[in-house]
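Student: Please take one part of this structure, the interface, and describe it closely in a connected account.

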Number of protein chains: 2
Amino acid sequence: MRQTPVFPVLARFAGLALLFLVVLEVQGQTDPLPSWNDGAARKAIVDFVQATTTQGSPQFVPPAERIATFDQDGTLWVEKPMYTQVLYCLDRVPALVKARPELANVEPFTTVLSGDRAAISRLPLEDLEKILVATLTGVSVDEFKTQAGRWLEMARDPRWKRPYTELTYLPMQEVLEYLRANAFKTFIVTGGGQDFVRLYGERVYGVPPEQVVGTAGVTRYGYDKAGKPFLFKEPKLLLNDNDAGKPEGIHLMIGRRPIAAFGNSTGDRDMLEYTRAGHGARLAMIVLHDDAVREYAYGPAQGLPDSKVGTFTKALYDEARKVGWPVVSMKTDWKRIFAWEE
Amino acid sequence: MRQTPVFPVLARFAGLALLFLVVLEVQGQTDPLPSWNDGAARKAIVDFVQATTTQGSPQFVPPAERIATFDQDGTLWVEKPMYTQVLYCLDRVPALVKARPELANVEPFTTVLSGDRAAISRLPLEDLEKILVATLTGVSVDEFKTQAGRWLEMARDPRWKRPYTELTYLPMQEVLEYLRANAFKTFIVTGGGQDFVRLYGERVYGVPPEQVVGTAGVTRYGYDKAGKPFLFKEPKLLLNDNDAGKPEGIHLMIGRRPIAAFGNSTGDRDMLEYTRAGHGARLAMIVLHDDAVREYAYGPAQGLPDSKVGTFTKALYDEARKVGWPVVSMKTDWKRIFAWEE
């Protein structure tokens with residue numbers, strides 16, 4: 001750049017503008033959680049971030065140790081009427097049967113092919129597992145990416161008629177961003193398939209594949225007919241990232257204990273407990289689905305029976321109250337639930 | 001801040017200083033690889049970084065996709081006379097036998113206790129594995145951290161009498177930093193124990209625990225006698241991060257294919273192949289140990305027989321030449337090997 005007489009003036013203005021931005025930032029004039037109502041849940045988050053990131057605070061945590069983990073289904077996005085990944089697997093059955101016609105007369109594939117929604121929703125867990133294994137494995141990693149990626153673009157949820165990737169909770173998106181703006185590293189720790197969630201984690205949540213921990217199967221390195229190396233998804237489980245599998249998966253993939261964790265079901269309990277058991281300031285929160293109008297209401301807090309999906313049991317609720325895990329009420333703590341709401 | 005007449009002047013100087021730094025950076029006047037001699041290896045690295053990070057380059061890669069993986073033993077630091085972790089396990093045997101006296105008269109523990117270095121170095125691989133399992137598992141994750149962390153501080157290598165963590169190759173440290181300065185995310189992908197390497201990865205290489213992939217065992221979440229939750233290291237292998245286990249481990253822990261990979265032995269071959277098999281610009285390099293004076297010389301490139309440690313075979317060397325994986329000669333490509341060299 002050739003230096004002209006106008007340059008020092010520009011530099012001076014640039015300097016002033018920069019200072020102005022810094023002052024704004026320091027004074028925190030921009031609300032980091034605009035979709036949250038004032039209340040105990042919001043306060044718990046803000047207090048925790050201030051305590052752990054303010055230089056000189058007795059609870060200050062160096063940036064490298066600021067690890068936060070988030071369950072996905074029911075914590076970051078809608079898990080009703082079924083987990084999105086299960087819906088993908090069910091939708092995948094016709095193509096599977098086309099490739100392996102012998103499955104057409106084998107249960108549970110016959111029931112899925114019938115299209116009888118009531119019968120499908122009554123399938124026992126073992127049958128669902130058979131469908132998951134059959135549709136999520138037996139292909140290369142690249143084929144799976146293509147198949148599931150295409151489905152995620154095309155599929156629409158039955159209630160709002162939107163892509164599933166739009167059913168994320170705006171208040172939780174704000175928490176993710178708020179933490180990252182304060183030098184936290186955010187991870188998804190999901191009971192869902194790791195390969196599935198990694199397909200959209202970066203685009204939807206700003207969480208890159210290497211920061212998604214999930215239920216994972218064995219892959220096998222081999223060569224296709226053209227001699228090109230590829231990874232094949234074997235029908236063998238490596239990590240069941242639920243319950244005790246969450247702290248175990250966190251140790252395997254992250255290698256240090258989170259200082260903040262967010263969940264919504266019994267599958268997250270051990271992750272919350274493990275997070276809280278470390279030294280220093282800790283935040284372990286649970287999202288309660290109690291808004292039947294704007295989303296769904298389920299779980300014992302509403303006197304509803306436990307459901308197969310999203311089991312926030314009475315025992316978990318009582319434990320949260322007892323040990324001091326803040327419970328987020330979607331109904332009262334969240335001003336807005338979705339970014340696209342009026 | 002109260003605005004004084006002196007402020008606009010300061011801002012102007014700050015602006016000029018900033019511009020000066022930016023110009024320096026853009027013109028690349030600071031050599032990013034000062035410990036490398038000019039040559040094909042250095043050129044391969046610089047050309048690759050420029051091709052993948054220059055806006056408008058046909059081989060430009062967005063920052064999120066800039067994944068680079070490094071083997072550790074023999075690639076980032078010395079692996080002779082034995083892998084550091086094996087030395088740790090051997091040193092750990094007396095404490096193990098104290099806790100479990102019945103092992104004193106069981107091989108291979110008897111041999112290790114004898115202190116007979118020649119006999120120890122002749123132990124077959126199965127015996128070494130027994131020692132590794134006995135000393136790396138059967139404890140909590142936290143106990144292991146304490147034990148191995150203390151050893152890393154106290155232990156000195158037999159040749160240079162330095163902590164093992166000082167035996168890292170300065171030229172490779174420069175490559176790590178050069179890549180990170182160009183928005184690459186750097187990972188260690190080691191055949192060594194994941195929990196072991198994570199103890200020092202951040203301090204020694206600037207690679208945080210969550211970016212260390214290694215051989216990993218099953219952990220079990222449970223409670224100690226006081227009811228405090230902990231993770232216990234079970235004697236069961238989850239991932240053997242060697243050979244095909246490297247691309248498999250990369251998929252499991254990172255979730256995307258690296259665009260650059262560095263290794264030094266047959267255990268790294270599949271990682272290098274997998275890295276190269278992706279689309280676009282790729283860099284797959286091998287470090288050749290051919291400097292008997294400043295470090296060690298071993299492997300078939302020197303007409304030496306294959307060794308148990310660091311098997312850079314003739315077949316691998318020939319393949320590297322054939323498919324175009326640049327081979328780094330420690331003797332001719334590296335001006336300095338260690339940061340503490342005169």
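Tutor: Across the interface of chain A and chain B, 30 residue pairs are in polar contact, both residues being at pLDDT 80 or more; such a contact is a pair of N or O atoms within 3.5 Å, where within protein one must be able to donate a hydrogen and the other to accept it, and residues adjacent in sequence count only if both atoms are side-chain atoms. This is a predicted model, in which local features need pLDDT of at least 70 and side-chain atom pairs count only at pLDDT 80 or more, while totals for chains, interfaces and linings use all residues. Residues are numbered from 1 along each chain as its sequence is written, chains are lettered from A in the order in which they are written, and side-chain values use heavy atoms, without hydrogens and water.

The rule also finds six salt bridges across this interface, each a side-chain nitrogen of Lys or Arg within 4 Å of a carboxyl oxygen of Asp or Glu. One pairs A:Lys185 with B:Glu210, whose closest N and O atoms are 2.9 Å apart.

Chain A and chain B each bring 46 residues to the contact (heavy atoms within 4.5 Å). The area buried between them is about 3900 Å², with 57% from carbon and sulfur atoms; buried area is the accessible area (1.4 Å probe) that two parts lose on being put together, summed over both.

Of the interface residues of chain A, 100% are also interface residues in chain B, so the copies meet through the same surface.
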